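The structure is shown below.

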Amino acid sequence: MKNYFLRHFQTLFFSLGQLWSTPVATLMTIAVLGITLALPAGLFVVLENAQQASGAIKDSAQISVFLKKSVSESSAKRITKKLAQNKNIERTRYISAREALAEFKKYSGFGDAIKAMKKNPLPAVIIVTPKQSAADPETLEALLKTIRNNNQVELAQLDLEWVKRLSAFLVLAKRGVWLLAVLLGLGVILTIGNTIRLAVTNRRSEIEITKLVGGTNAFIRRPFLYSGLIQGLLGAFGAWLLVQGGLLVIAEPMSQLTSLYASQLEISGLDGPQTGLLLLIGASLGWLGSRLAVGRHLREINPT
Amino acid sequence: MIQLENISKRYPGGHDALKAVTFNVKPEEMVFVTGHSGAGKSTLFKLITLIERPTRGILQVNNKNCNKLSNWRIPYFRRDIGIIFQDHKLLLDRTVFDNVALPLVVSGLNHREIQRRVRASLDKVGLLNKEKLYPLTLSGGEQQRVGIARAVVNKPPLILADEPTGNLDEKLSDEIMDLFYDFHVHGVTVMIATHDLRQLKRLQKRVIQLAEGQLVYDSENDDEYNAQ
């Protein structure tokens with residue numbers, strides 16, 4: 001038994017040596033695998049974050065109450081105070097037409113176009129945040145109705161519809177990413193398979209001789225399997241670097257974007273178990289690709 | 001040790017390499033197989049080492065029925081045969097030591113045992129001081145001796161040599177043949193394909209001659225030859 005592990009260990013080092021002896025080819029293979037694996041892994045991370053974000057937004061559902069143009073600022077403030085006393089409402093925030101315009105100018109990029117307008121087209125808004133306890137659809141619906149009954153309100157809108165749509169879209173996107181992952185996983189198998197095929201061809205005479213002195217197919221296969229496994233593992237590590245590096249690059253603009261919707265969102269990369277899974281998938285795909293290629297090409301080499 | 005009964009081998013395309021060949025090699029015997037190129041010597045060797053399978057006939061090697069041996073058993077079967085090739089078939093990117101060690105490595109022996117046996121085998125062929133060299137730095141005769149060391153490192157009961165002296169001059173050929181003769185004296189069955197008639201005369205061992213895939217002469221049935 002000790003001998004068995006020792007031999008595997010020796011084969012592992014032999015394979016490492018073989019890869020080391022052709023550094024450029026090995027690096028190229030690993031780079032291809034890294035990019036191939038990074039694509040689904042990266043998309044997965046983006047989706048995961050988006051899902052988390054949409055969840056956070058759902059919890060902080062807000063009602064935008066647009067007031068009629070005719071409502072004066074003082075009566076608008078009165079309405080705001082009155083709403084704040086409702087038992088289902090956590091807090092209210094009044095945004096005057098002027099403030100709304102300023103905010104719109106800042107974020108929309110239509111600043112100049114708006115300057116050209118003589119009159120402020122925006123109405124005053126009250127942002128109503130319901131209590132957590134009132135976050136179920138029926139209570140919100142009832143609350144909405146109460147607010148709409150006020151004849152000074154032009155429109156009251158629950159900002160939840162788009163969140164629902166977003167999460168439906170995310171489910172679809174996740175499916176898409178899985179599909180892509182399966183296809184790219186196949187790509188990894190083919191890439192490794194091709195690399196191993198070349199290695200088998202290069203070492204054809206060695207394989208022949210090993211067979212003639214009584215080497216079993218399992219013995220001959222072993223270094224190639226290790227080679228595939230190592231390359232798959234390193235490829236997965238490369239993908240991890242790409243994903244985490246990519247996240248660093250987009251972290252800044254992303255947090256700016258999310259801060260517009262919900263305040264305390266942080267971008268999370270691949271955590272421990274996810275990293276482990278990525279490495280495991282990379283290694284398994286490398287092993288599998290190698291196994292398929294070696295099995296096929298070993299049969300072509302005589303003697304059997 | 002080797003029993004052929006009406007062995008025929010037809011290659012795809014219809015070429016008959018062997019036609020109903022029958023002979024028997026006893027344990028510890030030394031046999032020369034001779035004949036022109038294309039007479040079927042190489043095919044015979046390929047059948048005995050199960051590189052190829054006979055089209056017809058019964059083949060037994062080392063008390064094993066080769067007709068019934070399944071593919072996965074072939075490696076274990078070959079570990080009991082030492083095979084020597086005219087072109088050595090050495091691994092040029094490995095040292096002499098590693099080349100000779102290969103049959104032991106594939107059998108999964110531990111390192112100390114491998115070292116002991118490889119040294120013993122290299123000592124036998126007189127190359128103990130060259131174990132760290134690479135095959136290309138050796139002369140033709142030395143390369144052939146590395147091949148022989150590799151073939152006998154497992155201590156197989158049967159040695160097959162295909163034209164082992166094909167590229168060597170007389171003196172080196174004599175040395176190589178004497179090595180085989182020595183293994184034979186120590187109880188190993190030795191079968192050598194050669195068309196070096198000088199060696200046949202010198203060693204006076206059994207001779208089997210093939211011509212166009214048929215057995216045309218076997219000194220065992222030649223009383224005159226055996227009387228000499």
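In this predicted model, A:Glu208 and A:Arg204 form a salt bridge whose closest N and O atoms are 3.6 Å apart. Both residues belong to helix 8 of chain A, where four residues, about one turn of the helix, separate them. A:Glu208 is partly exposed, at a relative accessible area of 22%, and A:Arg204 is likewise partly exposed, at 36%.

Over all chains, the whole structure contains 24 salt bridges. Several of them are listed here.

| Salt bridge | Closest N to O distance |
|---|---|
| A:Glu208 with A:Arg204 | 3.6 Å |
| B:Arg116 with B:Glu113 | 3.0 Å |
| A:Glu206 with B:Arg94 | 2.5 Å |

B:Arg116 and B:Glu113, by contrast, both sit in helix 4 of chain B, three residues apart. B:Glu113 is partly exposed, at 24% relative accessibility. A network of salt bridges with shared partners joins B:Lys26, B:Glu29, B:Arg206, B:Asp218 and B:Glu220.

Between the chains, 15 residues of chain A contact 21 residues of chain B. The two chains bury about 1700 Å² between them, of which 63% is on carbon and sulfur atoms. One salt bridge is counted between chain A and chain B, formed by A:Glu206 and B:Arg94. Helix 8 of chain A supplies five residues, the largest share of the side of chain A that touches chain B. That side comprises six nonpolar, six polar and three charged residues.

Key. Residues numbered from 1 in each chain as written. Chains lettered and ligands numbered in written order. Predicted model: local features only at pLDDT ≥ 70, side-chain atom pairs only at ≥ 80, totals over all residues. Heavy atoms only, no water. Contact = heavy atoms within 4.5 Å. Buried area = accessible area lost by both parts, 1.4 Å probe. Salt bridge = Lys/Arg side-chain N within 4 Å of Asp/Glu carboxyl O. Helix = DSSP H or I, 4+ residues; strand = E, 2+ residues; numbered from the N terminus. Nonpolar A, V, L, I, M, F, W, Y, C, P; charged D, E, K, R; others polar. Buried < 20%, exposed > 50% of the residue type's maximum accessible area, 1.4 Å probe, protein only.
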